[in-house]
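This report describes selected helices and ring pairs of one structure. The sequence and model follow.

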Amino acid sequence: LVALVTFLCFLASRAHGAYAALAGLETGSTLLFLLLYLLKLDLRMCWELSTSSCISQQMFCFHWLFQDIFNSVIAALSLLIVCLFAIIFKTNNGTLAGGVFGLVLLVLCVADAVLLYKIAIHRPRGRTAPAK
């Protein structure tokens, strides 16, 4: 929601295209990850990989949690640069508001990355049920 507000502020102020592009990209990636988790596609996207021997087969699951952490870190670094430029070189009040909302989004991205990292560290590995 904050990413969308930031995007709309930059669009309404007719700021430099990079400001709106970054906010729009973050809004889009946030919506895609939200849909991914709401539809539980992160659990369904596993493929069987057969190795050289016929007996051993492995499951390859794309680690969406780590992709989300990576997205949050990259977005935070990009938002830091762009929003500081938007606040320092404010051309109008819309650019200033977009920069402030972008800094709020930066804090949320850092919090998201930290919380997801803690979830990833404490997630059980392998089997959770005891062997019979």
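Rings of Phe, Tyr and Trp (its six-membered ring) form a pair if their centres lie within 6.5 Å; planes under 30 degrees apart count as stacked, over 60 as edge-to-face and the rest as tilted. By this rule there are 2 aromatic pairs. In one of them, Phe85 and Phe89, the ring centres are 5.8 Å apart and the planes are at 10°, so this pair is stacked.

This is a predicted model, in which local features need pLDDT of at least 70 and side-chain atom pairs count only at pLDDT 80 or more, while totals for chains, interfaces and linings use all residues. Residues are numbered from 1 along each chain as its sequence is written, and side-chain values use heavy atoms, with hydrogens and water left out.

Phe85 is partly exposed, at 43% relative accessibility (buried means under 20% relative accessible area, exposed over 50%, partly exposed in between, with a 1.4 Å probe and protein chains only). Helix α4 covers residues 64-88 and has 25 residues. Helices are DSSP runs (H or I, at least four residues) and strands likewise (E, at least two), numbered from the N terminus. From first to last C-alpha, α4 reaches 35 Å, close to the 36 Å expected at 1.5 Å a residue (1.5 Å times one less than the number of residues). Among the buried residues of α4 are Trp64, Leu65, Leu79 and Ala86.

An unreviewed UniProt entry annotates residues 68-89 and 95-117 as "transmembrane region"; such annotations may be inferred rather than shown by experiment.
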